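Subject: Handing over the structure

Hi,

Here is the structure I promised to pass on to you. Please open it first, and then read my notes below alongside it.

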Amino acid sequence: MKPKKRIKLFDPVIDDQEQISVKKVLDSHFWASGAGTGSVQKFEQSFSKYVHSKSCIAVNSGTAALHLALSMMDIKNKEVILPSLSFVSTAHSILYNGGIPKFAEINPDTLCLDPHAVEDVITEKTQLILPVHFAGLACDLNSLNILAEKHGIHMIEDAAHAAGTSYNDKKIGSHSELVCFSFHPAKNIATPGGGAITINSQPESIEPLLKSKRWCGISNRKNSIYDVDQLGWNFYMNEFSAAIGIEQLKKLEKNNKKRKEVAKRYFAEISLAKKMPLDLNSSYHFYWIRVKNRTKFMGEMYENGVETGIHYKPIHMMTLYRRKEHLPTTEKVAQEIVSLPTHPNLSEEDVTTIIKLVNKFSN
Ligand SMILES: Cc1ncc(COP(=O)(O)O)c(C=O)c1O
């Protein structure tokens, strides 16, 4: 018998509070401001307090966060090391800023950058390491930091999947100079569109610079009078996203706890050898498994009412990025990887259904 309702891969968890806050913004007629006042400022303060960063600026997507953060690092004609198993924005942020993406291999157990592989591709042109906390599991930041310090290079984290993830007992967002988050509707903090950069080094000078760049380079503004002393973009967050983000943040710990419960069951009950490890510091944005017969498997899951996904086709295999590079581990993983839902709208029964179907169709 087919289930009545399809189980979605991603699904924002909302209640009355989001509805009330959206209505308030609607009625206020104050919907957006490049100056980032109102709910945007409140969201920034709450998020910064939550992750224990020195400061935070909110933007309109994770892509904008990466674009803006990398614009602070002078990467023109310099190399930036990143994993290929990520959303294309990670690499686009390098091209937007005139840099050269250098893909490094991942660890097959965590699917995060392998520090040894990173060291292998460091050259005198390397300016930055850009790790991705894949599916919410924290990268080996200690080893990457040691490398960065040894070679005198910077690190910016792509934490799009990692809202609520901890590393060394500190939240992701509090470690590196700049850390980029996404609040896309599929993410653990879901908004209609949003992102943030947390700042942990020289906030007094970096924050005003980032704020200016996020609003077309506007500086020295007094009411209607202002100057523009650098190039910037229209990257500021709107009030609706900020108001929803404030409510989503209040629920993040509770919702991530539910995601961890789902992951615990997948880890214990899915009878596949290759699957996401159990690490209760992870935000479990999704849960990955590796199967041999992926197209057939995903088709069977869909036929039986469960949406699954592929995160990701490797970036170095996209036409725009294709070069001679060969990344055997990434390519092998990418042929087999399937994402399963972890969102807190799943019932116990949904999770049982997913586990039974995975065990039936993956072998
Ligand atoms: C790893 C990663 N980086 C960056 C982004 C970009 O975020 P956004 O969609 O908010 O622009 C995403 C979003 O899917 C992502 O998964």
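An oxygen atom of the ligand sits 2.8 Å from an N or O atom in the side chain of lysine 187; I call this a polar contact, a pair of N or O atoms within 3.5 Å (within protein, one must be able to donate a hydrogen and the other to accept it, and residues adjacent in sequence count only if both atoms are side-chain atoms). Glycine 62 has a polar backbone atom 2.8 Å from an oxygen atom of the ligand. For tyrosine 312, an N or O atom of the side chain is 3.0 Å from a ligand oxygen atom. The protein covers 90% of the 390 Å² of accessible area that the ligand has on its own (Shrake-Rupley method, 1.4 Å probe; for residues, only the protein chains shown count as cover). In total, 17 residues surround the ligand, and the closest are Gly62, Thr63, Asp158, Ser182 and Lys187 (a residue is near a molecule or strand if one of its heavy atoms lies within 4 Å of it).

Before you go further, please note that this is a predicted model, in which local features need pLDDT of at least 70 and side-chain atom pairs count only at pLDDT 80 or more, while totals for chains, interfaces and linings use all residues. Residues are numbered from 1 along each chain as its sequence is written, and side-chain values use heavy atoms, with hydrogens and water left out.

Next, a helix. The buried residues of helix H6 (residues 141–151) are Leu141, Leu144, Leu147 and Ala148. Here buried means under 20% relative accessible area, exposed over 50% and partly exposed in between (1.4 Å probe, protein chains only); helices (H or I, at least four residues) and strands (E, at least two) are DSSP runs, numbered from the N terminus. Seen down the axis of H6, these buried residues fall within an arc of 125°, so they line one face of the helix (the arc is that of the directions from the helix axis to the C-beta atoms). The face turned away from the buried side of H6 carries the exposed residues Ile146, Glu149 and Lys150. Among the elements that cover the buried residues of H6 are helix H5 (115–121) and strand E5 (154–158), where contact means heavy atoms within 4.5 Å. Glycine 152 follows H6 and has a positive phi, near 65°.

Now the rings. The count comes to 15 aromatic pairs (rings of Phe, Tyr and Trp, its six-membered ring, pair if their centres lie within 6.5 Å; planes under 30 degrees apart count as stacked, over 60 as edge-to-face and the rest as tilted). Phenylalanine 103 and tyrosine 321 form an edge-to-face pair, 6.2 Å centre to centre with 80° between the planes. This pair links distant parts of the chain, 218 residues apart: phenylalanine 103 is in strand E3 (residues 100–104), and tyrosine 321 is in the loop between helix H9 (294–303) and helix H10 (328–336). Phenylalanine 103 counts as buried at 3% relative accessibility, and tyrosine 321 counts as buried at 1%. Ring pairs also link Phe43, Phe47, Tyr50, Phe181 and Phe183 into a cluster.

Finally, where does proline 344 lie? Proline 344 is in the loop between strand E13 (337–340) and helix H11 (348–361). Proline 344 counts as buried, at 11% relative accessibility.

Enjoy looking around!

Best wishes
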